[in-house]
Amino acid sequence: MDLLYKIFLEPFVQMGTAPDLLVQTLWEGMVGGMLYALIALGFVLIFKASGVFNFAQGIMVVFAALTLIGLHAQGIPAFVALALTIAVMFALAWSVERIVLRPLVNQPDIILFMATFGITYFLIGFGELVFGGDPKTMITEELFLPKGSWDIKMLGGFVSLQKIDVAAAIIASIMVAVLSVFFSKTRIGRALRAVADSHKAALSVGISLEQIWVIVWFAAGLVALVTGIMWGARSNVSFALEIIALKALPVLILGGFTSIPGAIVGGLIIGVGEKLGEFYWGPLVGGGTDSWFAFVIALIFLMFRPQGLFGEKIIERV
Amino acid sequence: MNVRHLVFGVACGAMLGVTPLATTAVAQDSIYVPLLTYRTGPFANSGIPIANGMHDYLAMLNERDGGIGGVKLNIEECETGYDTKKGVECYESIKGKNPTVINPYSTGITLQLIPKAAVDKIPILSMAYGLSASAIGEKFPWIFNPPATYWDGLSMIFRYIGGKEGGLDRLRGKTVGFIFLESGYGREPIPLLEQFAKDYGFNVKLYSVAGKEMQDQSAQWLAVRRDRPAWMIMWGWGAMNPTAVKRAAETNYPMDKFIGIWWSGSEDDARPAGPGGKGYLTLNLHGVGANYPAIHDIVKHVVGKGKSQVDKSKVGENLYNRGVYNSVLSAEAIRNAQKITGKKVVNGADVRRGLETLNISEARWKELGLPEFAAPITAVSCADHNGHHAAYMQQWDGTKWVKVSDWIVPMKDKVRPLLEAAATDYVTKNTGWPKRSEACDKQS
């Protein structure tokens, strides 16, 4: 009985007696969710264009953030460093297309997937060689990102909103909206979907596969840069940041690998779900649920919608 | 077959034949000290300064003194990435090269190497980490973990808390939070924490941080805000530490009630929190700063000559000095082994004896060029592979660590019986665990 009470009643009693903490948990979940959505977006863009799961997305986040900090450390003003980092991410996209993807056109997806492992290990080694393994502090002030918090008194307590989290949520929303419009309303967006369906068919109607791949890898690089700045501002920038890419996996399972809105909704569900789960039900199992709770949510969804919430249902003739 | 191929084949054969001879020649002329380090991966921020400190002290002995007892040290790093699997691979790759002592620098790797050490006759030095119970020399003759175990560390933290509270009995009915990295390391002190909770009547709240959550921790600190623990204790590592200090500050948790173990006290752990990190406390085992003659020698002979990977401004930082301390223990054990055996080139079995007779008095610390650097190491023996030495509390003042307590001795009366029980339990669970056959030296 005691266990049933702790599972089904106590958390809701806690929500009722300390509503400020519930609001705080929801807020933390939403911020986390938006950031997960940003990472997931990087995966989605490349998956849509090539049908490949880009294993290198996590290290791209670290690489972009370290490049920005590294350039600034050389005395380059923050916004010039930001522009140069964008140029570096373009160069990376171009190199990936030229050196890795182009020779692999029409190869099975698994080959391309394995190639992204190669990109990952190259970027880890190259990044450590150039920037070292020391943690770096994100140049938040130089980029005019806010510091501190707003403590809002409400519901008999207070809710603390970190200004950087608010900025992260706003910037992530804008980024997602712009990319959604770009890829759904423009010619490039349609070309991208065509490439995702069939490389050969896309080539036959005159779509430049090379161009599309450079564009999506560049877009994924930009998303990685924004993600790196935001996550870096919340903690610091080190190679540990690469691990957070794993948090995007349940988001992708939930939202679908090909849907930009799916990445956002999936991110929010996972973010809020794992925070609520850890805060209210975590103590029942000794805590630390946030490392696996997201996967449980994703698995439950998978049972009912294998293609994810917004994923395209694949119907194959047999 | 033409003559060219024949000549090429003979040359290759000759090279293959000569190479082992050359290796043996090197091995006979030097003392091999492998260092399992991690300069890459998610824990590199903690691993790099330690690796630099460990390497630079040994390199300084080579440059300044020509090694130890006139024998050069052959220092070789093997990158583990703080990954247990890679660490074991490193061990397997170096165990045939006559290593004198293995420094795993990871509790996970240490736990894997413990059963191998007795078989391969290679001593493991897990300095203030690893399996606390391996302090029992009777059960673990090849494992050493001076100067203090994690359980000693926890008991020292509670001594400090008791001092601030006006007695540990004042904790009755209060809550003590424990935030830890979800790993063998993080979970190591929990049995003693639960024992203390029973003894002193406080509640324990555990906040586990998985590797993937190291840079987030928002749910954990939200729970801290809900539970309002009177004290928070941290067993963190790598990116977990700076994030925890930042989150604690954001949660407005009183920083002078937040205490980390000695592995959570790097400058880079406290610095990123900015002014919010002021007041954060951690245990420390040794002095911080570069103002020691031995460290001046490191700068002169190693760093200044470009033979180190360290940035000069980081020499003397806490974890750099931790690495130096680790290498002092290795070097003193080698020196002891030379003294006991009368041999110049010692092996693992000799250094095991050297570790069992380790004695670094206050005067010896001074001789080493590290006056008052650490508490004297006087209690390591055949029976006690740890010694349960003292540590002190340091506090972050916003820019640097400041010593805020005298040396705190661990609660040996509480810790030792629990260690003995844990050692017996370990041996019972590992069927066929070998009985100690190694004799004890007189000095121990």
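This is a predicted model: local features need pLDDT of at least 70, side-chain atom pairs count only at pLDDT 80 or more; totals for chains, interfaces and linings use all residues.
Residues are numbered from 1 along each chain as its sequence is written, and chains are lettered from A and ligands numbered from 1 in the order in which they are written. Local features need pLDDT of at least 70, side-chain atom pairs count only at pLDDT 80 or more, totals for chains, interfaces and linings use all residues, and side-chain values use heavy atoms, with hydrogens and water left out.

**View 1. Overall fold of chain B.** Chain B holds 15 helices and eleven strands (DSSP runs numbered from the N terminus: helices are H or I with at least four residues, strands are E with at least two). The radius of gyration of chain B is 23 Å, close to the 22 Å of the globule rule for 444 residues, so chain B is as compact as a globular protein of that length (taken over C-alpha atoms; the rule is 2.2 Å times the number of residues to the power 0.38). The C-alpha trace of chain B spans about 85 × 50 × 45 Å along its principal axes. Of the 444 residues in chain B, 60% are buried (under 20% relative accessible area; exposed is over 50%, partly exposed in between; 1.4 Å probe, protein chains only).

**View 2. The interface of chain B and chain A.** The contact (heavy atoms within 4.5 Å) takes 39 residues from chain A and 31 residues from chain B. About 3,000 Å² is buried between the two chains, 54% of it on carbon and sulfur atoms (accessible area, 1.4 Å probe, that two parts lose on being put together, summed over both). There are 13 residue pairs in polar contact across this interface, both residues at pLDDT 80 or more (N or O atoms within 3.5 Å; within protein, one must be able to donate a hydrogen and the other to accept it, and residues adjacent in sequence count only if both atoms are side-chain atoms). On the side of chain B that touches chain A, α8(B) gives the most, with seven residues.

**View 3. Salt bridges between the chains.** Four salt bridges join chain B and chain A (a side-chain nitrogen of Lys or Arg within 4 Å of a carboxyl oxygen of Asp or Glu). In one pair, Arg225(B) meets Asp20(A), with the closest N and O atoms 3.4 Å apart. This pair runs from helix α8 of chain B to helix α3 (residues 19-50) of chain A. Both Arg225(B) and Asp20(A) are buried. Glu213(B) pairs with Lys247(A), the closest N and O atoms being 2.4 Å apart.

**View 4. Two salt bridges within chain B.** Glu92(B) in helix α3 and Lys116(B) in helix α4 are 24 residues apart in chain B, and their side chains meet at 3.0 Å, N to O. Asp441(B), in the segment after α15 (412-429), and Arg353(B), in helix α13 (residues 348-356), are 88 residues apart; their N to O distance is 2.8 Å. Asp441(B) is buried at 13% relative accessible area, whereas Arg353(B) is partly exposed at 27%.

View 5. Most residues other than glycine have a negative phi, and most peptide bonds are trans. The peptide bond from Pro146(B) to Pro147(B) is cis, with omega near 5°, and Pro147(B) sits in the loop between β4 (143-144) and α5 (150-165). Tyr82(B), in the loop between β2 (72-79) and α3 (84-94), has a positive phi of about 60° and is buried at 16% relative accessibility. Lys121(B) also has a positive phi of about 60° and lies in the loop between α4 (107-120) and β3 (124-125).
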